[in-house]
Structures are given as C-alpha cells and as structure tokens.
Amino acid sequence: MAEKKLLVMKFGGTSVKDAEMVKTVAGIVKKKIDEGYSPILVCSAMGKTTNKLIDAGERALGEGLAATFSPKLRPSAFSTTVTKNGVEEGAGLPPPLPNASSFAATSPQLQPGGAASGSDWRKVIRKVGETLLTELREHHREAAAELQVSTELLDQIEDLLDGCASLLTGIRLLRDISSRTRDTLMSYGERMSVRMVAGHLQSVGIEADAVDSWDIGLITGSGCGSAFADKGAELLPDVPERIQEALGCLREPEAPVRVPVVTGFIAKDLNGVITTLGRGGSDFSAAVIGAAVGAAEIEIWTDVDGIFTSDPRIVPEAFSVPSLTFLQAAELAYFGAKVLHPRTIQPAMGKGIPVRVKNTFNAEHPGTVIVQSKEKFPRQPGPEKPRSRMMSEEQIQTELGRKVTGITHKSGVIMME
C-alpha cells in the first residue's frame, strides 16, 4: 500500500478571522481528505488579534509609565506621537513601542494644557486596555460557542486569555516591555487560533489536534524574534529532523487521518522561551514543515486568487498568473510583491516542493503554483472569477512581451537590462 500524500495548508488571519471562516476552512480540509491527502494545517491568529494584543501591550506600558507622571508634566515634553502599529498577514513587525506620552490622544484631557493628573492617565489608558482584552475574550468565546469547541479546548483558550491578562498586568507594574515579553504577548493569538480550528474540526467528525509548533520541533536559537523584525529568530539546523520524527508517522498507509493544527509564526528556544519568526513567519513555518516531511504540496491560503501581475485594487486589468518558477517568485517577493515573503520560498525550493497560493474566499480557483520548472507542471483548469481573469502562458507572453523576471522599479532603486 502506498504512503499517504501529505499536504501542508497554511491559513492566514483573514482565513480564520471568525466562526464563519473557520467553518469554510473545515470544508476545504474535508475535501482534501476526501481527495486522499493527509493535511497538516498551519494557522495564524484570528483576524486582527495580533494587532489588538500589541495595542493592549502598549496601553499597559503607557499606564505603568503614567504612574510616574507629575500633574505638572505635560505630554508636550515628549516627542513621541501616536501611531497605529499592528501586524497584518505577511507584514513586518511593529517598531519599538512608544512611551506613555503617545497615549495623549486617548482623551482630550490628556492633550497639552489639559488638566490631567497621573491618576487620570492611568484610568484612561487602563480603560482602553481593558476594552481591548474584553473584545478579544468575547470574540473568542462567541466563536468557540458557534464552532462547538470541546470543553477541554475551551478551557485551554480561557487559560491563555487569563495568561495574557496576567502578562499585561506585569507590563503595567514593571513599566517595561522587552522583546522577549513582546514575543510572548504576540504568541497568544496563534495559540488560541489553533485550538479554535482543531476544536471545530473535531466537532464535524475530523480527527484533529491543536499543536504548539515547538512540540513538533520548531526550535530556535536564543534571541527574541521581535528584536529582528524582518527575519526573526533563527531555527536550529536539526529542526527538519525534529519535525520528521514528530510528523513522519502521518504518511504511514495504515495510519488513520489525523490533522495536526500547528501554530504559525512562533517557536521556542532551547530554554523554553517563546520566540517569533519575523515577517511572513506563518508562511515560513508552513514551508519548513512541508520541506521536512516531504509534502506533495504546500498551500498558502489567503484572500486573493494567487499572485497577480499587479495590485488589482490599483490596476483593474491585473490578472492572476497560473504558474511561476521559484526564481521568479523569489524576485517578485524581493522587489515588493506582498503575497509571499522571500524566505517562504527557500525551504520548498531546496526540496522541489510546489507552493500554491489559493483564495479561501474562492476555493475552487486554482490560484498560482510556484514550481522548479513550469514545463513539468501543467496549469490546472479551474472556474474563472470576473475580477481574476485567468490567462494561458501564451496569452501572458503575448501581453507582456517576455517573461517577468523582476520589477523594474523599487523606491530608490532603478533596474535596467
């Protein structure tokens, strides 16, 4: 009997943003199982969870620093301004957290010349911080109820929310947030998300387990990922062997299909300290796992129909490209394409594993497949969607005149051939 075909499926924040989308994900996974695949899921945090966690951390820090304010000390004495920091799917990590003066915008009383005391600062900032945490708690509770998550997994989600609240209290009391603390804070989103997705898969009859990435071997060297915003913490050289040992059994012919739902973006070092993998971390997690287990394909599920010739929001005539080589995709990513980060391509390219970019909101669309050689991987037919005009390779060459091997302009850089 032949071994099972392993398929790594990464679902970004928009793909698991609420209960309805998690149900959609379950339908996609079930179809893949029916097609004979043994899926391994990698999930990001639900929707804007990471943004809210970062914002809550900033508020907690601001409240702690506000405790030292004199009534005579005004925000005008500081240079920091309010910024809307956050981490979108596939975006860079936020810049260093601002000091407490940046929270002046939360209340007119806290503007230069206002009558706020240190106590007023703390009250306003604490109220906003508590509101953010309450929103997270309610969102996850409501989703868990609709998705019929088991009591065991729901208790784990509640424990994570309590742990997050305790960490925010620590930030407030210590009046400091280090890179190590920021990594831990950001990890709560992914850890809650995988329990939500695994719980729903179980409720619809699919055997599934919520897995923290370090439990299958994603271990980094020491050093906090958020201190290196683009590349994050470095994985240890033996990570592929660790993953193969943990997940290799999934391909055994006699083994029942059981779906691991793994946290993307996060890992641990050898001392058990949580680290993050930097920009595009969840995609990178999926690629590393796929390469380690020799997956038949790595699928990146997002909210667009693959990789487009241009941004369709700016260029209405843009169309999705059926296939690219690894070299072309790496060049596009390096020169600014936002669908994939260049690091995502590397593990798959080393093993020659196709990477396919798909749309969770339009699952029947074939998307864009990235391969070693397009001649060896013919385009798959699929239904078209008005905003995503699929074209044959011949049509693409006719319109473009030649194969795309790079972008001719990047801020501050002009390329000429």
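**Sheet architecture and local contacts of the predicted model**

Strands β9 and β11 run parallel and are joined by 3 bridges; two strands are taken to pair if DSSP finds at least two bridges between them. Helices (H or I, at least four residues) and strands (E, at least two) are DSSP runs, numbered from the N terminus. The structure is a predicted model, in which local features need pLDDT of at least 70 and side-chain atom pairs count only at pLDDT 80 or more, while totals for chains, interfaces and linings use all residues. Residues are numbered from 1 along each chain as its sequence is written, and side-chain values use heavy atoms, with hydrogens and water left out.

The secondary structure of the protein comprises 10 helices and 13 strands. Of its 417 residues, 52% count as buried, where buried denotes under 20% relative accessible area, exposed over 50%, and partly exposed in between (1.4 Å probe, protein chains only). A contact is defined by heavy atoms within 4.5 Å. Among contacts between residues at least 6 apart in sequence, 75% join residues at least 24 apart.

An open sheet is formed by 8 strands in the order β3-β5-β2-β1-β8-β10-β11-β9, with mixed pairing. Strands β3 (208-211) and β9 (323-325) stand at the edges with a single partner strand each, so one side of each has no neighbour in the sheet. On average, neighbouring strands of this sheet are turned by 20° against each other, direction ignored; axes are lines fitted to C-alpha atoms, for helices over the stretch in contact, and angles run from 0 to 180 degrees between N-to-C directions.

Within this sheet, Leu324 stands opposite Ile370 in β11. Strand β11 also pairs with β10 (residues 355-359), in the antiparallel sense and over 3 bridges, and Thr368 in β11 is the bridge partner of Val357. In a regular strand the side chains alternate between the two faces of the sheet. In β11 (residues 368-371), Thr368 and Ile370 point one way and Val369 and Val371 the other, and all are buried. Elsewhere in the sheet, β2 (residues 37-43) and β5 (residues 259-263) pair in the parallel sense over 3 bridges, with Leu41 opposite Val261 in β5.

A further open sheet, of 3 strands, has the order β4-β6-β7 and mixed pairing. Its edges are β4 (219-220) and β7 (274-276), each with a single partner strand, so one side of each is left without a neighbour in the sheet. Strands β6 (residues 266-269) and β7 pair in the antiparallel sense over 3 bridges, and Ile266 has Thr276 in β7 as its bridge partner. Helix α5 (residues 179-203) lies across β6 and β7, running at about 80° to β7. Phe265, in the loop between β5 and β6, has a positive phi of about 75° although it is not a glycine. At 6% relative accessibility, Phe265 counts as buried.

A search of the whole structure finds 1 aromatic pair. Phe11 and Trp301 are stacked, at 5.7 Å centre to centre and with 20° between the planes. The pair links distant parts of the chain, as Phe11 belongs to β1 (residues 5-11) and Trp301 to β8 (residues 297-302), 290 residues apart. Both residues, Phe11 and Trp301, are buried. Rings of Phe, Tyr and Trp (its six-membered ring) pair if their centres lie within 6.5 Å; planes under 30 degrees apart count as stacked, over 60 as edge-to-face and the rest as tilted. Charged side chains also lie over ring faces: Lys5 over Tyr37, at 4.4 Å from the ring centre, and Arg191 over Tyr188, at 4.6 Å from the ring centre. The criterion requires NZ of Lys or CZ of Arg within 6 Å of the ring centre and within 35 degrees of the ring normal.

Ala143 is placed in helix α3 (residues 118-146) and is buried, with a relative accessible area of 4%. Not counting residues up to four places away in sequence, Ala143 touches Ala19, Met46 and Met196. Gln148 lies in the loop between α3 and α4 (151-174) and is exposed, with a relative accessible area of 58%. Although it is not a glycine, Gln148 has a positive phi of about 55°.

The mean pLDDT (the predictor's confidence in each residue, from 0 to 100) of the protein is 79, and 72% of its residues reach 70 or more. Over residues 380-393 the pLDDT is below 50, and this stretch has 39 contacts in the model beyond near neighbours in sequence. Where pLDDT is low, the predicted coordinates should not be read in detail.
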